[in-house]
Amino acid sequence: MGNDDQTWADPGALFQIEEPTAPSRRSGRTPGRGIGIDLGTTHSLVALAPRGEAPRELPDAEGRALLPSVVSYAGADVVVGWGAMGQRVEAPERVLSSVKRFMGRGAAEIDFEHPYRVVEPGEGGSGVMRFDVGEGRRVTPVEVSAEILRVLAARAEAELGEPVAGAVITVPAYFDDAQRQATKDAGRIAGLTVYRLLAEPTAAALAYGLDRGGQGLFAVYDLGGGTFDISILRLRDGVFQVLATGGDSALGGDDFDRALAAHLLAAAGVDAPDPRQREEARVEARRAKEALTDAERCVVTLGRSGLSEHVLTTEALEGILEPIARRTLGPCRLALKDAGVRAQELDGVVLVGGSTRVPLVRRLVESTFKQPPLADIDPDKVVAYGAAVQADILSGSEREGVTLLDVVPLSLGLETMGGIVEKIIPRNATIPIGARQVFTNYSEKQTGLVVHVVQGERELASDCRSLARFELKGLPRLPPSMARIEVTFQLDADALLTVTARELMTGVKQTVEVKPTHGLSEAEVDALVMDSLEHAQDDFDARNLAEARVELGRVVLAVRTAVQEVGDLPGLLPAPEREAIEAELRRADAAMGPEGPQEHRAINAVREQLERVSEGFARRRMERALRSGMSGKSLSEIESALADEADLEARRGSHDPEMTTP
Amino acid sequence: MAVASPSPSDHFARLGLPRTYAVDRDALEAAYLERARASHPDRFVGASSGEHRAAMERSAALNEGYRVLRDPVRRAEYLCALRGVDVDSSDPKTGAPAMDQAFLMEMIERREEIEQARGAGADALEQLRARVDDELDEALDEAVVQLEQERVAEAARALVRRRYLQRIVDEIDQHLEP
């Protein structure tokens, strides 16, 4: 078997820490510059809650906050959102929507209807599927999602007037490792530092919980376009704890539309609709569904299928939707059971997702949870609001936050003899978490062990999601059952998995980074990140300029403060040198003003000059700090003086490469 | 310069609780939530990768400790393991005690009981389940008494018995909820 995509790395590390390799070199904790993104199946949304402010969504130039999660490859340029939707009826196979349902999936796992040409992975490539969008162009679901994220990030950047430092991106709680990894990869390709992947229900509960202050048990019922999630959460002592979560990652409002579209096409007498007829039926089905939220009846016409003035009543609609809506109730009862909570004990049931506007869904939720659901925050926006609040906390803002303890939605295990799954980490375990299991050899000739990592609740590995398969090699030759191979699973706060294996007799330890079978390889992600760098030169120029200005501002402040504090001491700063420094400080002020250069290299040159001119002064301050240590200064004063100097030195050092590269 | 204190070696110490079977649920919850808040990796965004890793490992150990200690059965099994008998291991010296022939025969008969109850209908299955449920509680109570008297081998035996019974209950449940 091939081992090409496995990585043997740092044997001492239990966790693989992913350093942000995205373009933003200095991003990280920058208070107020974190954004929350709800990357939805049908719509996406970006929200901000800078420095403790209430969350607000960011609209486009026409005032529309929701961005349809639709990407068109029909023309020369990639079009995202409303513009892409307009091209869908004419070129249905080149305009991609509901791509979230394909995230982290292999071509063979796509068991629902869609109008796209899906390409199986080729020989030697990674297992990720691609859409053939015509003219030889093939794109992965990850790249399509990155296009959506890029548009939203640009919206936030325009609003902030500064680069985005990091993002919290929401995922359905029910997403498995492969789907989460795909989402994080999309964020990286879009040039974002992903602070955290946050479960959508947790985000929604955060938006509500903070409003209501304090304590409580909540259920979050999230029926989005393509996914259904149910979570039970408890807020106590500043900790939001997910007690249980469940759902169905291939069930959503799209299924309502499809069922209704099928009903309409049947009414039109069309047995084998072409892609355009199907698309028209789906658009009309959605319109009818929305109309019937308030009205008792509506009229539907399908021009391409010859259906005119078809009358649809609420009763008929609910007859079609009810079997689908009822599929959400089993997971609800299971989640209550897993959480050990009775419906009556809940303090609130939160509705998330546009599909919860359907009156039938609200009635079913009310009867299952024995109380009317809460819907005072727009169900389309509540997830992004929660993500924005969490992003603000993670950006370093002073804000009264809660700690979010998420859980792993599906059990993780290993395939053992006979294809049986040995569960290593149970579903609903709070993350991060680690667990280990010891395996042994069955013959002396065995020097390797195939490790097949699966995720799911079923007994047989073939019924679970295959996450990764790799072989541990180089085991010592030992009599049967004497080898002790300890396999450790580690899940980080994003529920992403690392596996460590160690042969206990010899102590040989190997860390294997689990790359999902149907995911992009690290190299492919890196290539796509580089690709996006080339296409986003303008963004980077703006980012570099902003960063250069911040750096210059820091140096100016440091030098100016030093001149004011110790510049008058004898011998420390001769008058001509002081004049030169002050002239450079004035130049720096001008460079940072509105008339200054709009290009980062020019700003860096000014800073370089200021640092050069003030270098002698800095050296003398350092010497003085050392001398004063010998003449009875307190240790802390010396340390603080040295630390200041070292700080300046370090900053100067870090700029050298930029100064020497034109 | 702050030196990180060595992490406590067992779940009880990690959560600041005495190493006994009896655990005050409120104290466990409060201790867990306080520590979970302090050590969650979200608090270390932007910190060095070493600090971030340390937070992740601390959180993972804490979450595992909470999972074990809040569950009466896992807690008893864990106390056994701390005292030298690990019922999860098959090691002849320190692993789960071997059960005698009579016990294994009894379990085979219990399996047959399930088949009979299935034939007799859902009510019979429910009755059987209730009976085995009581036995599960008895086995755990027995293990706790033995643990309190520091008779670890006997405690482990009761816990292994409990595991066999648990499998029977799981099997009944599968038949009850198709």
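The model you are looking at is predicted. In it, 19 residues of chain B are in contact with 25 residues of chain A, and the largest nonpolar core has 160 residues.

**Where chain B meets chain A**

- Start with two helices of chain B, α2 (25–39) and α3 (49–70): each supplies at least two residues of the side that touches chain A.
- The top contributor to that side of chain B is α3(B), with ten residues.
- By residue kind, the side of chain B that touches chain A splits into seven nonpolar, six polar and six charged residues.

**The domains of chain B**

- Chain B is assigned domain 1 (11–70) and domain 2 (101–176).
- Between the C-alpha centres of domain 1 and domain 2 of chain B there are 33 Å.

**The nonpolar cores**

- As background, nonpolar side chains in soluble globular proteins tend to be buried together.
- Within the largest nonpolar core, the residues touching the most other members are A:I37, A:L149, A:A167, A:A204, A:L264, A:A387 and A:A388.
- Helix α10 (residues 382–394) of chain A gives the most to this core, namely ten residues.
- A second, separate core has 16 residues, among them B:V87, B:A96, B:V160 and B:L165.

Note on methods:
Residues numbered from 1 in each chain as written. Chains lettered and ligands numbered in written order. Predicted model: local features only at pLDDT ≥ 70, side-chain atom pairs only at ≥ 80, totals over all residues. Contact = placed C-beta atoms within 7 Å. Helix = DSSP H or I, 4+ residues; strand = E, 2+ residues; numbered from the N terminus. Nonpolar A, V, L, I, M, F, W, Y, C, P; charged D, E, K, R; others polar. Domains from an automatic or database assignment. Core = buried A, V, L, I, M, F, W, Y, C linked by C-beta atoms within 7 Å. Buried ≥ 20, exposed ≤ 12 C-beta atoms within 10 Å, placed from the backbone.
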